[in-house]
Amino acid sequence: MIQTIMNMKIRSYGCITKPSLLLVHPELPCRPQLIFASSLGFSSNREKRIGHVTRLQYSVADKTFVSSSTNSPLSKVDATHLEQRQGGSSSLYSRPSLLQMKNQRIENRARVYEFLKGIGIVPDELDGLELPVTVEVMKERVDFLHKLGLTIEDINNYPLVLGCSVKKNMIPVLDYLGKLGVRKSTFTEFLRRYPQVLHASVVVDLAPVVKNLQGMDIKPNDIPRVLEKYPEVLGFKLEGTMSTSVAYLVGIGVARREIGGVLTRYPEILGMRVGRVIKPFVEYLESLGIPRLAVARLIEKRPHILGFGLEERVKANVKSLLEFDVRKTSLASMIAQYPEIIGIDLEPKLLSQRSLLNSALDLGPEDFPIVVEKMPQVVSLGKTPMLKHVDFLKDCGFSLQQVRKMVVGCPQLLALNLDIMKFSFDFFQKEMERPLDDLVAFPAFFTYGLESTIRPRHQMVAKKGLKCSLSWLLICSDEKFEERMNYDSIELEEMEMVSSFDMNTLMEPRSDESDESASDYEEDSDDEYA
């Protein structure tokens, strides 16, 4: 019997070559039980190296794996993989779920919003904008904006500025502006007008615009002044409004060499649309009788006139002038002499000046439009200076009626330098020894230079023994006056010459003025630069 059992064991394990191999019991086909050979009593030196496994059970039916080990290093690895498969919370490789991450972001944003509301900032427009995840970083941004001079109200006007990183956005942009020469003292107003600049890339957005401005003949030293006056230009496309507005101005006759100065004095032109703003303005002035080339010259001298609103201001002022009986045929010369007359709040000034002249000179409503036509600047004169000039003429011995006639004939008397008028009047009385009626007939005498014109011409006429009117003496060029000195007599028609504004003077070819740029600025030496 014992022999038989031994024979069965030998047949059962005849295939074993290594004691560490596993044997399968045929008695349990559905639940195979795996047992290491070492557990059956075989002794081997390998056991000491491998270690003992006391029990290993595997179930196919319920897919469970159970093991117990005393000292096998392999069992620890198996346990780790098991926990991974079972999703154990103690795994070293666990990650938060998408839902958890979303909830965390919501909580962080809620804390940031709570901070902003606490300091008075309305965060409604910040939804969808990437913001700092911590209150500390957001506080850093708000504090930095405060140091730049921006208030809570300024931030609320453009809350998207809170999406700008201090180190990645704000500091690089401000450093670049400072290097260009933009004054640090202007940063606050600069950012109030155009806070979007803090979102810009220096290399991609700002530097190309600056280069383009220099290409329009704006001097490098004037670039910072242009940016201070019109910071919005940094957001314009290079081939958009900037280039078309300049091209149109050159097309109507603005000298190419004057473009740099024009843009420096009034850079807002770069943001004006030709079809909506510039072209309608130019065409309207043409309709009033100002030639296109004369309009171009006006823009060269006073480019800010393009900023006068055509519908709401220019046309309304023209209507007011006509209502005050200014002749339509005089509008062109009036605007050419004083373009601001179509850009100011005109009607109240017309009412005020008409009342003042009426009370000071007994000037009638029929004479007031004549005064405005001859000197449109009268609408902007102050009350006190005007009254001082009236008093001066009265002190010279002129009656009120004579003063009124002189002012209607030459309204400039109300605006000239009083000291110069006194010198001229003294010369008229003491050297020329003429009656006051000569000044009543030709009040423009006071508009001529005493040393440059009046004295030398009077001496030449006196030397020659000629008797002439003040108008014949003064209303001519120096060349023409020398010709007159060769006359044996004075022709009547020349004595009746009348001085008036000549529109053609605006369209004369420009002389090559020394490149003294009208764009050069006189700045205080103490200005603080970034």
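How many residues does helix 9 have, and how far does helix 9 reach from its first C-alpha to its last?

## Helix 9

Let's start with the answer, keeping in mind that this is a predicted model. Helix 9 covers residues 202-215, which makes 14 residues. From its first C-alpha to its last, helix 9 reaches 18 Å, close to the 20 Å expected at 1.5 Å a residue.

Now look at which side chains to colour. The buried residues of helix 9 are Val202, Leu206, Val209, Val210 and Leu213. These buried residues pack against helix 7 (166-180), helix 10 (223-229) and helix 11 (241-252). After helix 9 comes Asp217, and its phi is positive, near 70°.

## Helices 15 and 17

Next, find helix 15 (residues 310-323) and helix 17 (residues 346-361). Their axes come within 9 Å and cross at roughly 25°. Angles under 35 degrees count as roughly parallel, so helix 15 and helix 17 are roughly parallel to each other. The crossing of helix 15 past helix 17 is right-handed.

Which residues make the contact? Helix 15 contributes Asn317, Ser320 and Leu321, while helix 17 contributes Leu346, Glu347 and Leu350.

## The whole chain

Of the 530 residues in the chain, 39% are buried.

Contacts can also be sorted by how far apart the partners sit in sequence. Taking contacts between residues at least 6 apart in sequence, 66% join residues at least 24 apart.

Definitions and conventions
Residues are numbered from 1 along each chain as its sequence is written. This is a predicted model: local features need pLDDT of at least 70, side-chain atom pairs count only at pLDDT 80 or more; totals for chains, interfaces and linings use all residues. Side-chain values use heavy atoms; hydrogens and water are left out. Axes are lines fitted to C-alpha atoms, for helices over the stretch in contact, and angles run from 0 to 180 degrees between N-to-C directions. Helices (H or I, at least four residues) and strands (E, at least two) are DSSP runs, numbered from the N terminus. Angles under 35 degrees count as roughly parallel, over 145 as roughly antiparallel, 65 to 115 as roughly perpendicular and the rest as oblique. A crossing is left-handed if the near helix is turned anticlockwise from the far one by less than a right angle, and right-handed if clockwise. Contact means heavy atoms within 4.5 Å. The expected span of a helix is 1.5 Å times one less than its number of residues. Buried means under 20% relative accessible area, exposed over 50%, partly exposed in between (1.4 Å probe, protein chains only).
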